[in-house]
Amino acid sequence: MSTTTPKRVFISHASEDKADFAKPLTDYLISQKGIDAWLDLYEMVGGDDLVEKIWEKGFDCDAIVILLSPDFLRKEWPMAEFRTAIAKKINENFRVIPVVVRTCDIPEALGSTLRFEVGPKLNILEIGDKISDVVYGVSVKPTLAASPAHFTAKTLAISGLNSTDATILEAIFDDLMVSGGSIVN
């Protein structure tokens, strides 16, 4: 049994985007990616203090996922979450992951932040895969291969020279090549 703490993300969204985007993304991250995704639907119950639950517990996470839409941008509560996320990004070098779920203006504070967009190229579950990669630090970059042997072989193979003599001769040769000198007069 693993004793590591699961990665956590907070899903900031407008209520209009809950059924189509926030809930399916949260369910996928929890059940398929092992990420403890915080969604009000699962975390809040009657009588809870909103500020304590969201700002003190919800924002205690590894990243905040912002589900951007026209409704998100026009509502006070999501925009308060957004401002807090941006402050954490600036003050704590915190990871904010914007996801455009419906076409909208991008807030200036996220203008230079790489974002994902739901659309013909990516559905919400594929975006969940990308969020998982970000949170777990998975790179899609191929592993760097070893340099070819003819670039890494530095040993001068001259019969009768020990390794020290070969290294000195190689240094003299390299110096001559760089300075444009000649071995033959």
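I began with the second largest pocket, which has 14 lining residues, and found His-13, Asp-40, Ile-54, Trp-77 and Glu-81 nearest its centre. I took a pocket, on a 1 Å grid over the protein atoms alone, as an open set of points where a 1.4 Å probe fits, with protein on both sides within 12 Å along at least five of seven lines; lining residues have an atom within 4 Å of a point.

I noted that this is a predicted model, in which local features need pLDDT of at least 70 and side-chain atom pairs count only at pLDDT 80 or more, while totals for chains, interfaces and linings use all residues. Residues are numbered from 1 along each chain as its sequence is written, and side-chain values use heavy atoms, without hydrogens and water.

I read a volume of about 210 Å³ for the second largest pocket, a volume being the space filled by probe spheres set on grid points joined across faces, edges and corners. Strand E1 (8-12), H3 and H5 each give at least two residues to its lining, and H5 gives the largest share, 3 residues. Helices (H or I, at least four residues) and strands (E, at least two) are DSSP runs, numbered from the N terminus.

I next looked up how H3 (residues 50-58) packs on H5 (residues 76-92): the angle is about 30° and the axes are 12 Å apart. Axes are lines fitted to C-alpha atoms over the stretch in contact, and angles run from 0 to 180 degrees between N-to-C directions. Leu-50, Ile-54 and Trp-55 of H3 meet Trp-77, Ala-80, Glu-81 and Thr-84 of H5, contact being heavy atoms within 4.5 Å.

Arg-95, Ile-97, Leu-114, Phe-116 and Val-134 lie nearest its centre.
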